[in-house]
Amino acid sequence: MTETIPTIQIKDAAKYVGQRVKIGAWLRQKRGSGKMAFLQLRDGTAFFQGVVAKADVSEEVFETAKELKQESSMYVYGVIHADDRSSFGYEIKIDRIDVIGESHDYPITPKEHGTDFLFDERHLYLRHIKPFATLKIRNTLIAATYEFFNKEGFIKLDAPLLTGSAPEGTTELFETDYFGQEAYLSQTGQLYAEAGAMAFSKVFTFGPAFRAEKSKTRRHLTEFWMIEPEMAFFDQDASLELQERYVSFLIEKVLEQNDQELDLLGRDKELLRSYTQLPFPRISYDEAIQLLQDNDFDVEWGVDFGSPEETFLANHFSKPVFIVNFPKAIKAFYMKRHPEREDVVVSADLLAPEGYGEIIGGSERDTDYDYLKQRIEDEGLGLDEYNWYLDLRKYGSVPHSGFGLGLERMVTFVTGEEHIREAIPFPRMMHRLRP
Ligand code: 4AD
């Protein structure tokens, strides 16, 4: 009778202790002596060690193990054992190796490499521990986003990516030719989400956003993913309450589902957990300016915050903090005028602590047809492109609010990664279009 050998994935090793299994895997690294070969294996679900003992296997198997090169692929066969010395907790005692694909001169060797090199090789670098853990957490945030908004009664509404409008300003636009017309890659799905909110009450868009950012900061991509909920009949307070519950939910899901990945990245889980406590503090832009001035920042009322200011403000509260009611002059045309003040709008940015910067930008939307028309003209945005948007104020306009969460900013915050390029599979930045 032939033995039936289960084909398993490394992540499920715990369920097969004492059993002989087959696993499709790649070789990450290898060390050994004349008597033993230790194969560091990965299969896309986890990492663990395969042990080949010369005394226990045929000469051919031991020779194969010794000859294996970094990133060659294979089926390994053997018995799963508990292994208290490794953080994963299990290993496989290999008795047979079927090589599938050889690999020669794999460029990302175990030594230290510079970031530019690693991102030139991003198609291969994806296989390594840091990208693995970071992008698995990104995936949890994506799934948790759908879960949260479904639970809250939202529908997902897909906004177009080729548009004629530039609601977030005209300085950072990617232009493209659209059969002889000028078109842009979308900076935001918001205006379409507003149309959706008037049809479905609560909607969210989730897609790429494009900004021709010439700045080379560690917080900016030229192509990033944004989640933009839009809610009819929500004022700013209702929106802020939703935002903080959403962010807290995202962090809780990662703590629940990515314990191993957070450990691989060395993220402080207790600190992360402290960010799930609600509510998040709210301070006005005016108060933020005062606080900064009291702490020797050279800022005047009316400026936008840079990275040092954002870092100081969120660290001051040791939590994500909402800064509300920014100067009208530095914000987008659609934001609602403050009922008592000419110079500020009913907006809010959510700043993350530890230097991760702004993760959410949002506002209540102005509902007045004439005011918005004037603002569009004043900003030189071209009324023709916005007539459809103005229709939303003509036919049963209602108070509404919305916000945009930058997925990669959230990923860096949760994972503790220094640079936003780690937070997306194939980053696009001013000097990076490939691979
Ligand atoms: O504050 P922003 O520009 O807001 C909007 O686009 C609104 N339409 C959102 C809305 O109200 N529906 O961008 C929202 C978020 C920022 O807080 C940040 O997290 C992220 O998008 N973001 C970027 N992320 C990476 N690279 C960039 N260049 C980004 N620009 C904005």
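**Close-up views of a predicted model**

**Figure 1. Ile420 in the segment after helix H13.** Ile420 is buried, as 22 other C-beta atoms lie within 10 Å of its own. The coordinates shown here and in the other figures are those of a predicted model. Ile420 belongs to the segment that comes after H13. Leaving aside neighbours within four places in sequence, the contacts of Ile420 are Arg218, Arg219, His220, Leu221, Glu408, Arg409 and Thr412. Leu351 is 69 residues from Ile420 in sequence, and the two C-alpha atoms are 15 Å apart.

**Figure 2. Helix H13 and the glycine that follows.** Helix H13 consists of residues 407-415 and is mostly covered, with nine of its nine residues buried. The buried residues are Leu407, Glu408, Arg409, Met410, Val411, Thr412, Phe413, Val414 and Thr415. Three of these, Glu408, Arg409 and Thr412, are in contact with Ile420. After H13 comes Gly416, which has a positive phi near 80°.

**Figure 3. Overall view for orientation.** The protein has 435 residues, and 37% of them count as buried. Its secondary structure comprises 13 helices and 16 strands. The C-alpha trace spans about 85 × 55 × 40 Å along its principal axes. Among contacts with a separation of 6 or more, 66% join residues 24 or more positions apart.

**Figure 4. The largest nonpolar core and another core apart from it.** The largest nonpolar core contains 71 residues, and Ile323, Leu407 and Met410 have the most contacts inside it. Helix H6 (residues 236-257) gives the most to this core, with seven residues. Apart from it lies another core of 24 residues, among them Trp26, Leu41, Tyr90 and Ile97. In soluble globular proteins, nonpolar side chains tend to be buried together. Beyond residues up to four places away in sequence, Ile323 touches Ile283, Tyr285, Ala288, Leu313, Ala348, Asp349 and Leu351.

**Figure 5. Packing of helices H9 and H10.** Helix H9 (residues 285-294) packs against helix H10 (residues 307-317) at an angle of about 95°, with the axes 11 Å apart. The two helices are therefore roughly perpendicular. H9 contributes Ala288, Leu291 and Leu292 to the contact, and H10 contributes Glu309, Phe312, Leu313 and His316. By class, these residues are five nonpolar, one polar and one charged. Ala288 and Leu313 are also among the residues touched by Ile323.

**Figure 6. Packing of helices H11 and H12.** The axes of helix H11 (residues 369-378) and helix H12 (residues 387-394) come within 9 Å and cross at roughly 160°. H11 and H12 are therefore roughly antiparallel to each other. Their crossing is right-handed. On H11 the contact involves Tyr369, Leu372 and Lys373, and on H12 it involves Leu390, Arg393 and Lys394. The contact has three nonpolar and three charged residues, and no polar ones.

**Figure 7. Asn258 in the loop between H6 and H7.** Asn258 sits in the loop between H6 and helix H7 (259-265). Asn258 counts as buried because 23 C-beta neighbours lie inside 10 Å. Ile137 and Asn258 are 121 residues apart in sequence, yet their C-alpha atoms are 6.5 Å apart.

**Figure 8. Two cis peptide bonds.** Leu278 and Pro279 are joined by a cis peptide bond, with omega about 0°. Pro279 is placed in the loop between helix H8 (269-274) and strand S12 (282-284). Another cis peptide bond, with omega about -5°, joins Arg434 and Pro435.

Figure 9. Most residues other than glycine have a negative phi, and most peptide bonds are trans. Asp105, which is not a glycine, has a positive phi near 55°. This residue is in the loop between strand S5 (90-101) and helix H2 (115-120). Asp105 is exposed, with 8 other C-beta atoms within 10 Å. Ser201, also a residue other than glycine, has a positive phi near 75°. The loop that holds Ser201 lies between helix H5 (190-200) and strand S10 (202-210). With 17 C-beta neighbours inside 10 Å, Ser201 is classed as partly exposed.

Notes. Residues numbered from 1 in each chain as written. Predicted model: local features only at pLDDT ≥ 70, side-chain atom pairs only at ≥ 80, totals over all residues. Core = buried A, V, L, I, M, F, W, Y, C linked by C-beta atoms within 7 Å. Buried ≥ 20, exposed ≤ 12 C-beta atoms within 10 Å, placed from the backbone. Helix = DSSP H or I, 4+ residues; strand = E, 2+ residues; numbered from the N terminus. Contact = placed C-beta atoms within 7 Å. Axes fitted to C-alpha atoms, helices over the stretch in contact; angles between N-to-C directions. Parallel < 35°, antiparallel > 145°, perpendicular 65-115°, else oblique. Left-handed = near helix turned anticlockwise from the far one by under 90°. Nonpolar A, V, L, I, M, F, W, Y, C, P; charged D, E, K, R; others polar.
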